[in-house]
Amino acid sequence: MIGFLRRVLRPAIAILIAMTVITGVAYPLVVTAVAQVVFPYQANGSMIVVDGKTVGSSLIGQFFNEPQYFWGRPSAATSSAAPNGYDASNSAGSNLGPTSKALIDTIAQRVDDMRKANGGGPVPVDLVTSSASGLDPSISPAAAEYQVARVARARGLTEDQVRTYVARHTTQPLLGFLGEPQVNVLELNLDLDGLLK
Amino acid sequence: MAFGDFLTLAALAVAILIATPLWGGYIYRVMEGQRVFLSPVLRPVERVIYRVSGVDETAEQDWKGYTAAVLAMAFVAIAAGYVFLRLQNVLPFNQGGIPAMSPDLAFNTSVSFETNTNWQNYSGESAATYGTQAAMLAVRNFTSAATGLAIAIALFRGLTRRSTKTLGNYWVDLTRGILYILLPVSVIGAVVLVWQGVPQTWNPTQVVTTLQGATQNIALGPVASQEWIKEMGNNGGGFFNANSSHPFENPTGLTNFLEMFALLLTAFALTYTFGKYAGKQAQGWTIFAAMAAILVVGAVLAMHLESQGNPLFPNTVAQAGVGNMEGKEVRFGSAVSGLFAAITTGTSTGAINSWHDSFQPLSGMVPLFNMELGEITPGGIGAGMYGMLTIGAILAVFIAGLMVGRTPEYLGKKVEAFEIKMAMLTALVLGASILGFTALATATAPGQAGPLNAGPHGFSEILYAYSSMTGNNGSAFAGLSGNTTFYNITGALAMLIGRYGMIVPILALAGSMAAKRRVAPSLGTFPTTGATWTVLLIGVVIIVGALAFFPALSLGPIAEQLLQNAGKVF
């Protein structure tokens, strides 16, 4: 029995240690080295720097509720420090099911809030549903168009002027089908504030 | 469901069809010890590993020796992983005061990663150190995936060798699987992910001041290196809580496509590897066709239903052409999120790019049913093939044999009472664990405390949890509060039963088949290639799954669909 255990346990222990060194230490370090040399911007989180200060990541959404800004999606990534969500150290979805009363009631409330701020008309679904990560950096082009009038009013711009900003931050799917058309909310708002160089 | 969504599905299908013979052929050459283009670099490393481990690479093991080695590796890796998680607070690369995991959570997590499940009762951002992620969890992603691969190869050898006792050497199969198959692709894949925006840094959480003046903590880490193997190894454990829906794990439409490709690549390629062992590629392509057919039907159903939206939303919400966006990301859209869900559960991965808990009732049933079929469409690396060959092929030849009144044969070998017992055992273990633990949880207070949602959806959350853990998938209807002593312990047991309750009978079956002589095919032999066989295989898989789980599914998603139709909320 002891001899048998030694025969199977020795390779198990030795191979686990060897693989920890190879796949647990060498592999991530090699990838880090290549990443930091070739793609340093992405490897460090695609951070946007304005006047020497980091104002956010272009991949991570922020909470907006002031009228001069485009608003992103509702976020379930809440915490005591971030009651409105977008806590990027606490990514989360709502996990409410399709027949959840809490979900249906919340949606109705959000629709009311949206229509109060932006006027009537159907509200694009992505503006009233919480994203998967709670950090969705994007809204749909329809959701941006829905907010154009409000942002134009708040900024004293014409709607067409605001639309040119929106167009600048709208990206189309790669090859026309990989992904969805999207508007990056943080970059759009930075641009409207004149902070994007 | 838009035209572009079909294009995504079609492009994925074409990519997998092209990759299957290339990658499957490469896997065959590696696992049979033939020289490949990486040999000059990797062969010396391989030799050193055997020397320090005391492994004689020419010595093959019989099924008992192979099983003993698999179980020894599992025991050592789970024990070492447990100790690592209990000590992670003091081990290197703790990026910011992350505490040790509690005993039951550490047990659940260690079992979870070594069984290739990657069920997570913790949030990566706040409960795992960079050291844990890279040097413990990601290592298990490699070892557990390569173990699945090794067992599939052992079964291929058992089915196709003649009059022998041995199935190969687990230590050699494990080492080659990691060094030649998983690791080289991971290095390339991880760098491509970084190019698209996935971070790879050891700097701690970055604190920024937002445009509206709030403070935002942005969690970072060595994400890319873990992300690729998590997808390719069909592991699925997210670096972050939101898994592949997090923009740092899956930033673009391209990464979403590549991650789906990585999920499917090796699982489907192994059908070709099987064809190589069988000496007839049609044997492999038939299995490929059966797996693909079931997967695609479920995927299209989930894509269609998710793109329809939620009928209970007020009609002031514009859903037409967009679909159900609760728990989804704008850059992926609803239909392709449905596709990802079908793929991540058809392979035993469990990575998610949208929350399955917020899917519509019947589209949420697609991932649930995929797991309950035993993770064989195409399943995880290796695990899908060994599951499909036993729950599918062996049972199907048995049923065909009953119909024509002859002893069933597979690949020229008689399938007799012992093999059928072992194959039935794997099917029964699956059903007993999923349904037994679900019954236990729904009947006891600590189990009932788990669900977030009320009504039939709450039951679905529990059923999903044990289907996922037994199937070694790892995705969740994540409203369930899993980090309790009850769910940590019963979940770990379900994962162990689902993994080793399959592996041991399958290796026994492989050993028994290896010892048999090959008989020449006769007029009465049921051919195991071609359309009739594919249809029979699909039928057996669906019927075995449906018979076992239809009653439970009726109480969950099907009841919920009917109540949703009637406008009920909970």
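User: Is A:Asp51 buried or exposed, and how is that decided?

Analyst: In this predicted model, burial is judged by counting neighbouring C-beta atoms within 10 Å, and 12 or fewer make a residue exposed. A:Asp51 has 7 other C-beta atoms within that distance, so the residue is exposed. Its place is the loop between β1 (47-50) and β2 (53-57) of chain A.

User: What is the phi value of A:Asp51?

Analyst: Phi of A:Asp51 is near 50°, which is positive although the residue is not a glycine. A:Asn95 likewise is a non-glycine residue with a positive phi, about 60°. A:Asn95 belongs to the loop between β2 and α3 (101-118) of chain A.

User: Is A:Asn95 buried or exposed?

Analyst: The threshold for a buried residue is 20 or more other C-beta atoms within 10 Å. A:Asn95 has 23, so A:Asn95 is buried.

User: Which peptide bond in chain B is cis, with omega near 0°?

Analyst: The bond from B:Thr377 to B:Pro378 is cis. B:Pro378 lies in the loop that joins α12 (361-372) to α13 (383-404) of chain B.

User: How does the radius of gyration of chain B agree with that of a compact globule?

Analyst: One compares the value with that of a compact globule, which for 570 residues would be near 25 Å; chain B has 23 Å, in agreement. Of the contacts in chain B with a separation of 6 or more, 78% join residues 24 or more positions apart. Chain B has 18 helices and 7 strands.

Notes: Residues numbered from 1 in each chain as written. Chains lettered and ligands numbered in written order. Predicted model: local features only at pLDDT ≥ 70, side-chain atom pairs only at ≥ 80, totals over all residues. Helix = DSSP H or I, 4+ residues; strand = E, 2+ residues; numbered from the N terminus. Rg over C-alpha atoms; globule rule 2.2 N^0.38 Å. Contact = placed C-beta atoms within 7 Å.
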